[in-house]
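User: I am new to reading protein models, and I would like to learn how to look at strands, a core and pockets. Could you take me through them step by step?

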Amino acid sequence: MGDDKGQRIELILVKLGLLIKDNLLKAVEILRKNPDKKLEQILIEEEIITEFDYIRALGIKQGIALVNLAAQKISQKVLRYISEEVAREHSIIPVHETEYIMYIATSDPMDQVLFEHIGQISGKQISLLLATKADINAAIDQNYIQQSVDNIMDEIEEQFGKDEE
């Protein structure tokens, strides 16, 4: 599959054995009736493929690694670069950082303007990882709630400290 980078997603899905010709023809017919939709959206909505199948093929096409967010321990420190609101709006979450690189999970690696902006704000090179929207949303729920709890605890400590003065 090393030579699949740059190929159409549908061809990669066929090579992976996840899409057969009849199902592709069915999806293309639906696409003709719904030109405002993307083919991959139809394939997922019609349950011809799963979102994970699509992300897997996209990773092959773009040469981007997949990440299992459930297995990641995301530091509260790395979350400071991307607000919960932005994370939810764009279905992204920072996963890890080094001195020079920030790794961000996304289901849409095409939003280069967003990633360039995050790179400028953070002063780091951005390296993308792929994950499904469902996995990203679960990671946002799990990790940003911890950040909210920490903020509330800080406010309580601050208020408690003020009351004693």
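Predicted model: local features only at pLDDT ≥ 70, side-chain atom pairs only at ≥ 80, totals over all residues.

User: Let us begin with the strands. In which sense do E1 and E2 pair, and over how many bridges?

Analyst: The general idea is that in a regular strand the side chains alternate between the two faces of the sheet. In this structure, strand E1 (residues 92-97) and strand E2 (residues 101-106) pair in the antiparallel sense over 5 bridges, and the link from E1 to E2 is a hairpin of 3 residues.

User: How do E2 and E3 run, parallel or antiparallel?

Analyst: E2 and E3 run parallel and are joined by 6 bridges.

User: Which residues touch the most other members of the largest nonpolar core?

Analyst: That core has 41 residues, and those touching the most other members are Leu43, Leu69, Ile82, Ile93, Ile104, Phe115 and Ile118. Taking Ile104 as a case, and leaving out residues up to four places away in sequence, we find among its contacts Ile82, Ile93, Phe115 and Ile118, and also Leu128 and Leu129.

User: Now a loop residue: is Thr132 buried or exposed?

Analyst: Thr132 lies in the loop between strand E3 (125-130) and H8. Its relative accessible area is 7%, and because buried means under 20%, Thr132 counts as buried. Beyond residues up to four places away in sequence, Thr132 touches Glu51, Phe52, Ile55 and Ser107.

User: What lines the largest pocket?

Analyst: The largest pocket has a volume of about 350 Å³ and is lined by 14 residues, with Glu40, Tyr54, Ser107, Asp108 and Lys133 nearest its centre. Helix H3 (39-45) and helix H4 (51-62) are the elements that give two or more residues to this lining, and H4 gives the most, with 5 residues. By class, the lining of the largest pocket holds 6 nonpolar, 2 polar and 6 charged residues.

User: And which helix gives the most to the lining of the second largest pocket?

Analyst: Helix H8 (residues 133-164) does, with 6 residues. The second largest pocket has a volume of about 230 Å³, and of its 13 lining residues, Leu69, Gln72, Ala139, Gln142 and Asn143 lie nearest its centre. The classes in this lining are 5 nonpolar, 6 polar and 2 charged residues.

Conventions. Residues numbered from 1 in each chain as written. Heavy atoms only, no water. 1 Å grid on protein atoms, 1.4 Å probe; cavity = no way out; pocket = protein on both sides within 12 Å on 5 of 7 lines; lining within 4 Å. Points joined across faces, edges and corners; volume = space filled by probe spheres on them. Helix = DSSP H or I, 4+ residues; strand = E, 2+ residues; numbered from the N terminus. Nonpolar A, V, L, I, M, F, W, Y, C, P; charged D, E, K, R; others polar. Core = buried A, V, L, I, M, F, W, Y, C linked by side-chain atoms within 4.5 Å. Buried < 20%, exposed > 50% of the residue type's maximum accessible area, 1.4 Å probe, protein only. Contact = heavy atoms within 4.5 Å. Pairing = 2+ DSSP bridges.
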